Amino acid sequence: MEMKKYQIGEVFLHNGELYQAIALDRADPTPCVECPFLRDDCPPCRGLMFKKVTQPALGMLYRTADGKLWELLNGRSSAGRCVCSISGGEKICLTISDEVFNGMGGHPDPDWQWILVDDPKAIPTAPTGPIKPAEEPRRYLELAIVKIEDDTVTFKIAKQTHRNGSFTTKGDRLDCINGETLHSVAHPATTPVTFFVRGQANALDDYEATCTTARWAKICEAVQEYNATNGEGYPKPWPQKGDAYFYLNIAVSKAQVGNSTWSADCIDEGRKALGNFFRTREEAEAALVRVRETLRVPTETASK
């Protein structure tokens with residue numbers, strides 16, 4: 001007989017009789033004498049021996065013809081019924097017991113049930129440790145040229161992964177370092193300084209836009225920046241138009257911390273050229289302390 005592989009505790013039928021695989025007792029000098037499968041050419045049993053079963057016992061394992069392994073346990077479901085008979089009305093426990101204990105009176109005890117040990121369809125056990133959130137796909141924008149006529153490029157968007165509020169890491173707009181703006185609002189279109197990408201008007205996603213060849217080069221640079229930085233944009237030199245800054249307004253009788261907004265006019269450029277130009281109030285106030293110690297004048301706050 002070709003020996004199958006069994007687990008410790010597993011029972012099986014052989015010639016109409018039930019046997020169970022048990023751990024080999026290595027302290028017994030003749031452990032295999034009573035093994036029904038003992039023969040002259042018996043191969044190593046991998047630490048197992050087999051004994052005949054005369055009555056059912058909890059903890060027995062049995063493998064059905066479909067390859068599933070079941071264990072005989074004592075317990076009931078919360079509804080007071082055997083869990084294996086709740087779904088679909090299948091009397092799995094009784095069926096297995098009739099097969100295994102046919103010569104022992106069938107199912108041994110109403111509180112005993114066969115529980116599936118290695119069901120491939122079972123719900124997987126929840127992983128231990130913190131669950132890593134799913135990573136958001138990187139932002140990506142791809143353009144495709146439709147045609148070029150003289151100095152005019154007609155193009156459309158071939159692929160765009162994000163739109164509207166998630167178009168960039170900070171919202172629906174990216175002001176690129178080359179002065180071009182990418183903006184997700186409605187549908188693809190161009191204005192003198194803005195390339196509108198796909199937005200809320202999904203039906204117009206394939207809308208074609210036009211621009212000059214020079215402008216096409218700038219738009220391609222902006223798209224490259226968008227893809228390379230995942231919609232974050234390259235760090236831009238400070239200040240940019242609209243950025244707030246602080247300065248010292250020094251007079252004969254007082255020294256003040258002033259604040260203004262950069263507009264690149266002659267006043268802004270003059271303060272920057274003199275070094276009277278600070279990104280934060282804290283930097284300006286630190287400089288003010290040194291000025292006050294020199295001029296010995298009170299401090300106030302001023303604005304442009």
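Q: How many helices and strands does the secondary structure of the protein chain comprise?
A: The model is predicted. Its protein chain holds 304 residues. The secondary structure of that chain comes to 4 helices and 16 strands.

Q: Which element gives the most residues to the largest nonpolar core?
A: The largest nonpolar core has 18 residues, and L141, L143, F155, L182, F195 and I219 touch the most other members. Strand 7 (141-149), strand 8 (152-160), strand 12 (194-197), strand 13 (209-212) and helix 2 (213-228) each supply at least two residues. With 5 residues, the element that gives the most is helix 2.

Q: Which residues does I219 touch, leaving out those up to four places away in sequence?
A: I219 is among the core residues that touch the most other members. Beyond four places in sequence, the residues that I219 touches are L143, F155, E180, T190, F195 and C211.

Q: How many residues form the other core, which lies apart?
A: Among the members of this other core are M60, I96, V100 and W112. Nonpolar side chains tend to be buried together in soluble globular proteins. The core that lies apart has 13 residues.

Q: Where in the protein chain is confidence highest, and where is it lowest?
A: The mean pLDDT of the chain is 80, and 74% of its residues reach 70 or more. Strand 12 has the highest confidence, at 97. The lowest, at a mean of 52, is in strand 16 (residues 299-303).

Q: What percentage of the residues in the protein chain is buried?
A: Burial here requires under 20% relative accessible area. The chain exposes about 19,000 Å², of which carbon and sulfur atoms supply 52%. Of its 304 residues, the buried ones make up 34%.

Technical notes:
Residues numbered from 1 in each chain as written. Heavy atoms only, no water. Core = buried A, V, L, I, M, F, W, Y, C linked by side-chain atoms within 4.5 Å. Buried < 20%, exposed > 50% of the residue type's maximum accessible area, 1.4 Å probe, protein only. Contact = heavy atoms within 4.5 Å. pLDDT = per-residue confidence, 0-100. Areas by Shrake-Rupley, 256 points an atom, 1.4 Å probe, with all protein chains shown as cover.
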